[in-house]
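Here are some notes for a first look at this structure. Please read them with the model open beside you.

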Amino acid sequence: MSASNDAVIVDVHAREILDSRGNPTLTVRLATSHGAAGEAAVPSGASTGVNEAVELRDGDSKRYGGKGVLHAVANVNGPIRDAVKGMAVSDQRALDDRLIALDGTLNKSKLGANALLGVSLAAAHAGANARDQQLYQYLGGNDAVTLPVPMMNVINGGKHAEGALQFQEVMIVPLGAPTLREAVRYGAEVFHQLGKLLKKKGYATTVGDEGGYAPPLRHLDEALGLLSDAVTAAGYTLGKDIAFALDPAASEFHEDGRYLAVVGESPLDASGMIDLYERLLHTYPVVSIEDGLAEDDWRGWSELTARLGDKVQLVGDDLFVTNVSFLQRGIDEHVANAILVKVNQIGTLSETIDAVRLAQRNAYNAVISHRSGETGDTTIADIAVALNAGQIKTGSLSRSDRVEKYNRLMAIEEKLGAAAKYPGAGVFRACSSVVRAAGS
Ligand code: PGA
Ligand code: ZN
């Protein structure tokens, strides 16, 4: 081992900063004995799953309406710092195990998953810097060459844009692009065409939490119709160059076993929701549906997977919460065929990697994801490449908190040069009809 590999942690320091919604979160800087340091900021969700690791908030109503994170900051700057000082920065697994043991709870509620995650990710950055490597390289080695196909959230609804669609996310997927850089261009051009169309129809073009437009549409068909027109107006072929993905985030409109998919209409049961998705699949090139049913509706999810699992990617977000226990249940019960991966749902990098590896070993797709509350931190872009996940979900083509991740991915693609791979339609193997249409 070279001297730089032996770098040990000499200091850890957290600070309270703001996320993209103006709510407090943490940034953590971790310094090593060889001078190299790393920094990472922690994201925060709005439509959180009930089984997510706990984001520790102060609850002091005199500061930020109770949302301050000074306790989490103090946990990093006190007990966590004391526990990790002197550890090898390159032994991520040992570090994360130490963090998990120090917290001692199943859901990381004692020290806070936000505190743990900041330290875990900052250590990865410091380790990469200590070896003078890019983060994706440090984590993934020479195998890390696959750029992710993005799901770009250009129409925001649900909890991310009050007063609009019940469905939280209507996304475009540039699966026909030859490279990530071109995928970003396809996406941005469609986004701008959509803005023009909305304006023409008299809608405001203000954006929601993830940088997508938030027009007051009631029906998903209106959204998908407008989006189809935007794709065509931008000069792309629907289904070949660009497909659609949905994240209804159905837990948010599920009550007493029924789903209020459209405000003002009768709620549907799980079978009714699946009928709705089946119709959408026949009408539009939808390649992925995330949280199509609620997190506690496992019976509904079984039916959903049995009926549509060989036609479309079915992603568990609130359902699996990046947790190997829930994912294993999904695998055992043939529920879903993909997992959404959010670092702060589980709280350490090693556990995040475990979830992706478990998915990959069982032919489940893995989609690395941002949260609706973000910062300029781009760690997830490197994680997506490091793990060859093949897909990323990181918002629309506006707002720095979203586009910084695309910018980082374009930089990684350039660094990889000829080795870089953009898998395109190939990642949606479950969605045979669309893959056929895209000619791969
Ligand atoms: P969240 O939304 O970050 O508000 O949970 C993202 C998602 O549901 O995928
Ligand atoms: Zn989701």
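1. Start with the aromatic cluster. Phe167, Phe253, Tyr259 and Tyr277 together make up one such cluster. Keep in mind that this is a predicted model.

2. Across the whole structure, a search turns up 6 aromatic pairs. One of them joins Phe167 and Phe253. The pair is stacked, with 5.7 Å centre to centre and 20° between the planes. Phe167 sits in the loop between strand S4 (149-156) and strand S5 (169-173), and Phe253 in the loop between strand S6 (243-247) and strand S7 (254-255), so the pair ties together parts that are 86 residues apart in sequence.

3. Phe253 also pairs with Tyr259. Here the arrangement is edge-to-face: 6.4 Å centre to centre, 75° between the planes.

4. Phe253 has a relative accessible area of 6%. For Tyr259, also buried, the value is 0%.

5. Now turn to ligand 1. Domain 1 (9-132) and domain 2 (141-439) both contribute residues to its shell, so ligand 1 lies between them. The shell holds 2 nonpolar, 5 polar and 8 charged residues.

6. Which residues come nearest to ligand 1? Of the 15 around it, they are Ala46, His160, Arg371, Ser372 and Lys393.

7. Look at the contacts to oxygen atoms of ligand 1. Ala46 places a backbone N or O atom 2.7 Å from one. For His160, a side-chain N or O atom is 2.8 Å from an oxygen atom of the ligand. Lys393 has a polar side-chain atom at 2.6 Å from a ligand oxygen. The protein covers 99% of the 270 Å² of accessible area that ligand 1 has on its own.

Conventions. Residues numbered from 1 in each chain as written. Chains lettered and ligands numbered in written order. Predicted model: local features only at pLDDT ≥ 70, side-chain atom pairs only at ≥ 80, totals over all residues. Heavy atoms only, no water. Near = heavy atom within 4 Å. Polar contact = N/O pair within 3.5 Å; in protein donor to acceptor, adjacent residues only side chain to side chain. Areas by Shrake-Rupley, 256 points an atom, 1.4 Å probe, with all protein chains shown as cover. Nonpolar A, V, L, I, M, F, W, Y, C, P; charged D, E, K, R; others polar. Domains from an automatic or database assignment. Phe/Tyr/Trp six-rings, centres within 6.5 Å; stacked < 30°, edge-to-face > 60°. Helix = DSSP H or I, 4+ residues; strand = E, 2+ residues; numbered from the N terminus. Buried < 20%, exposed > 50% of the residue type's maximum accessible area, 1.4 Å probe, protein only.
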